[in-house]
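Okay, thanks for coming, everyone.

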2 protein chains.
Amino acid sequence: MADEQRFLDHLRSRATHEAARGLLDDVALLTVGNARLILTSDTIVEGVHYLPGDPPQDIGWKLAAVNLSDLAAKGAQPLACLLNYSLSGAAEWDAAFLDGLHAALERYGMPLIGGDTVKMPAGSARSYSLTAIGEATGDVPTRAGARAGHRLYVTGPVGDAGAGLDLLRCDAGAQGPLIDAYRRPRPRIAEGVLLAPLASAMMDLSDGLLIDAARMARASGVAIRIDHIPLSPALEQARGASLATRIAAAQAGDDYELLFVLPPDVTPPVHAIPVGEVAEGAGLSLRIDGAPVPLPDRLGWQHG
Amino acid sequence: MADEQRFLDHLRSRATHEAARGLLDDVALLTVGNARLILTSDTIVEGVHYLPGDPPQDIGWKLAAVNLSDLAAKGAQPLACLLNYSLSGAAEWDAAFLDGLHAALERYGMPLIGGDTVKMPAGSARSYSLTAIGEATGDVPTRAGARAGHRLYVTGPVGDAGAGLDLLRCDAGAQGPLIDAYRRPRPRIAEGVLLAPLASAMMDLSDGLLIDAARMARASGVAIRIDHIPLSPALEQARGASLATRIAAAQAGDDYELLFVLPPDVTPPVHAIPVGEVAEGAGLSLRIDGAPVPLPDRLGWQHG
C-alpha cells in the first residue's frame with residue numbers, strides 16, 4: 001500500500017498535462033482536433049485479479065468489461081481498444097480468452113485494433129492490459145460534481161458480484177446469477193450516454209458502494225448520506241436481507257453499476273434506484289430503514 | 001513460435017475493423033472526427049526484453065523509445081501515452097524507472113496521461129506496457145508501398161545496439177556509445193514527420209536491417225537489394241569493418257533507425273544513408289562492395 005501510494009504520488013507529480021486530470025480520475029480526457037477522447041487502461045494479474053482456475057472466457061470478458069465500465073462512467077461511446085497479452089503456453093486457453101474478450105467487445109461495439117503479445121518466463125504470473133478509447137458524447141461527468149440537495153442513484157442492485165466471489169471461494173464449480181455477476185459484469189454504456197448530460201457527478205462502482213460513495217463525497221467536497229442498499233432477488237434468496245447482508249453488499253466490489261447524482265428536479269432517464277442524498281458537509285453516513293447505522297471499519301475494496 | 005503465430009492468426013481473424021489494418025502493421029490508424037490517430041502499444045518483460053540487472057532508468061527510457069519509434073515510422077507527432085506498471089517492491093527502483101521514462105517522454109513531447117499500477121505475486125517476472133497515441137501529420141506510410149526503381153535509405157548506421165548488448169552479456173558494467181545505443185535508443189520522430197509525405201514505404205528498424213528489409217519487400221511485392229551496411233565509427237573501432245562485422249550489424253536488432261524508400265528524383269530531407277535499391281521481383285539480396293553475398297540463415301531477431 002505504501003509503495004503503491006508513493007509510486008502514484010511520484011507519477012502524479014510528473015503527469016502535469018491537463019489530459020491526465022492529475023491522474024485523480026479513472027480516465028484521461030484528450031482533445032485532438034474536434035475529437036474528445038476518453039482513455040482508460042486496466043491491467044489484471046493472475047492470482048491477484050483472477051484465480052488461475054477461472055474460466056479463460058470469463059477473464060477475457062471481464063478485462064473488456066472493466067475498461068468499458070470506465071468509459072460508461074464518462075458517458076463515452078466506445079471506439080476501439082488495444083490488448084497487451086501474455087501467452088499462456090496453452091493454445092486452447094488463449095483461444096478461449098479471446099472468445100470471451102471478443103464477446104464483450106462485440107456486444108459493446110469496441111473493436112480490437114492493436115496491441116502486443118509476449119511470452120512470460122516459466123513460472124511467472126501472467127497479466128493482461130486493455131487500453132480502451134472512447135469518444136465523449138457530451139458533457140463528461142466526474143466524481144467531483146455532487147452538490148448539496150442532489151440525489152444519489154445506482155443503475156442496479158449491489159453486492160451480487162461479491163457474493164458470487166464468496167461462493168466461488170467455497171466451490172470453484174458454483175454457478176448461477178451471482179457467479180455470472182462476478183464473472184460477466186455488464187458495463188452500463190447505454191445508461192452512461194443518457195446520464196452524462198444530466199448527472200452532476202458520476203462514477204462506476206468497482207470497489208463497493210460505500211467506499212466509492214465516500215470517494216465521491218471527498219472529491220465533491222460534500223456529505224453523502226446513503227439511505228438504501230438495494231439487493232437483487234438472487235442475493236436476497238441466497239442470503240436474506242438482514243442488515244449484515246446489506247452492509248456486506250455495500251462493501252463488496254466488482255458491481256460495475258453506475259453511481260450518479262442528479263438534481264432533485266431531474267427524473268432519471270434510465271432504470272435507477274435511489275440510494276441517498278447529497279448534503280452540505282463532508283464524509284459518508286448510513287441510514288437503513290430510517291435509523292442511523294455505524295459505518296463498518298472497512299468500507300470496500302482497497303487497492304494495493 | 002507456433003503458439004504465438006496461432007494466437008496472432010486468431011487475433012487477426014477477429015480484428016476486422018479497418019483501423020486495425022489486419023494487425024499487419026505496427027500501429028493502428030483510427031479516425032475520430034477530423035483527428036487521425038496513430039496508436040501503438042508495446043510490452044516489455046523482465047528476463048525477456050531486458051535483464052533483471054539493467055538500470056531501471058534505461059528500462060523506462062527504452063519502453064518509451066520503442067513506442068515512440070513506432071509513431072516515428074508513421075510520421076506521427078506524439079500526443080500522449082498510458083502506462084501499465086508492475087510495482088517492483090523497491091521504491092527506489094520504481095522511482096528510477098519513472099525518471100528514465102519521463103526523460104524520454106519529455107524529450108519527445110509525449111505526456112503521460114493515465115494507465116494502471118499493479119502488484120505481481122512474489123517471484124513473478126514483471127512487465128510494463130506503454131500505449132502511445134500520436135497524430136498523423138500528413139500521409140501515413142506503410143511498409144507496403146516500396147516501388148521498383150525507388151531507393152532504400154536508413155536514418156543512421158546499424159548494429160550499434162546489438163554490439164552493445166553483446167558487450168553487456170560479457171560485462172554487465174560495460175559503458176560507452178554502443179551501450180548507450182542499446183539502452184537509450186533515440187526514436188526518429190522529427191525525421192519521420194519530414195519523411196512521411198515523401199516516402200513510398202517506411203518502417204522502423206527493430207529486428208534488424210536484413211529481416212526488416214525482407215519484410216518490407218514481402219509486404220510491397222518487390223525485390224530489395226541491400227548494397228551497403230553502414231557502420232558507426234564506434235562500431236568500426238570496436239569490431240573493424242569486415243564483411244562478418246557488417247553482416248552481424250545487419251542482423252542485429254534494436255536500432256530504431258527509420259528504414260525508408262524514396263522515388264529516385266527525391267532528395268532525402270534528413271540525414272540519410274543509401275543502403276539499397278528496390279526492383280521488380282521478390283525477396284531480399286545482398287551485395288557488398290559490388291559483389292553478391294549470400295544471405296545469412298538468420299536474417300535478424302525473430303519474435304516468440
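What you're looking at is a predicted model, where local features need pLDDT of at least 70 and side-chain atom pairs count only at pLDDT 80 or more, while totals for chains, interfaces and linings use all residues. Residues are numbered from 1 along each chain as its sequence is written, chains are lettered from A and ligands numbered from 1 in the order in which they are written, and side-chain values use heavy atoms, with hydrogens and water left out.

So, the domains in chain A. There's domain 1, 2-136, and domain 2, 151-293, with bounds that come from an automatic or database domain assignment. Their centres, taken over C-alpha atoms, are 23 Å apart. Domain 1 of chain A puts 25 residues into the contact and domain 2 of chain A puts in 17, where contact means heavy atoms within 4.5 Å.

How much area do domain 1 and domain 2 of chain A bury between them? About 1800 Å², 55% of it on carbon and sulfur atoms. Buried area here is the accessible area, with a 1.4 Å probe, that two parts lose on being put together, summed over both.

In chain A, Asp254(A) and Lys62(A) meet in a salt bridge, 3.2 Å from N to O.

Which elements of chain A each supply at least two residues of the domain 1 side? Those are α2 (56-72), β3 (76-87) and α3 (91-108). α2(A) gives the most, with 11 residues. The helices and strands are DSSP runs, by the way, numbered from the N terminus: H or I with at least four residues for helices, E with at least two for strands.

Now chain B, where Lys62(B) and Asp254(B) form a salt bridge, 3.2 Å from N to O. That pair links distant parts of the chain: Lys62(B) is in helix α2 of chain B, Asp254(B) is in the loop between α9 and β9 (258-262), and they're 192 residues apart. Both Lys62(B) and Asp254(B) are buried. For those labels, buried is under 20% relative accessible area, exposed is over 50%, and partly exposed is in between, with a 1.4 Å probe and protein chains only.

On to the chain-chain interface. Here 65 residues of chain A are in contact with 65 residues of chain B. The two chains bury about 5100 Å² between them, 66% of it on carbon and sulfur atoms. On the chain A side, Phe7(A), Arg14(A) and Ile113(A) lose the most area to chain B, together 13% of what that side buries.

The rule finds four salt bridges between chain A and chain B, and 14 residue pairs in polar contact, both at pLDDT 80 or more. Arg14(A) turns up again, in a salt bridge with Asp99(B) at 2.6 Å, N to O. Arg6(A) and Glu92(B) make a salt bridge too, at 3.8 Å. Arg6(A) lies in helix α1 of chain A and Glu92(B) in helix α3 of chain B, so this pair joins two chains. Glu92(B) counts as exposed, at 56% relative accessibility.

Last stop, a few single residues. Arg215(B) lies in helix α7 of chain B and counts as buried, at 18% relative accessibility. The side chain of Arg215(B) makes a polar contact with the side chain of Asp207(B), at 2.7 Å.

Then there's the backbone at Asp289(A): phi is near 55°, a positive value in a residue other than glycine. Asp289(A) sits in the loop between β11 (283-288) and β12 (291-293) of chain A, and is exposed at 76% relative accessible area. In chain B, Asp289(B) has a positive phi of about 50° and is exposed at 77%.

That's my tour, over to you.

Note on methods: Salt bridge = Lys/Arg side-chain N within 4 Å of Asp/Glu carboxyl O. Polar contact = N/O pair within 3.5 Å; in protein donor to acceptor, adjacent residues only side chain to side chain.
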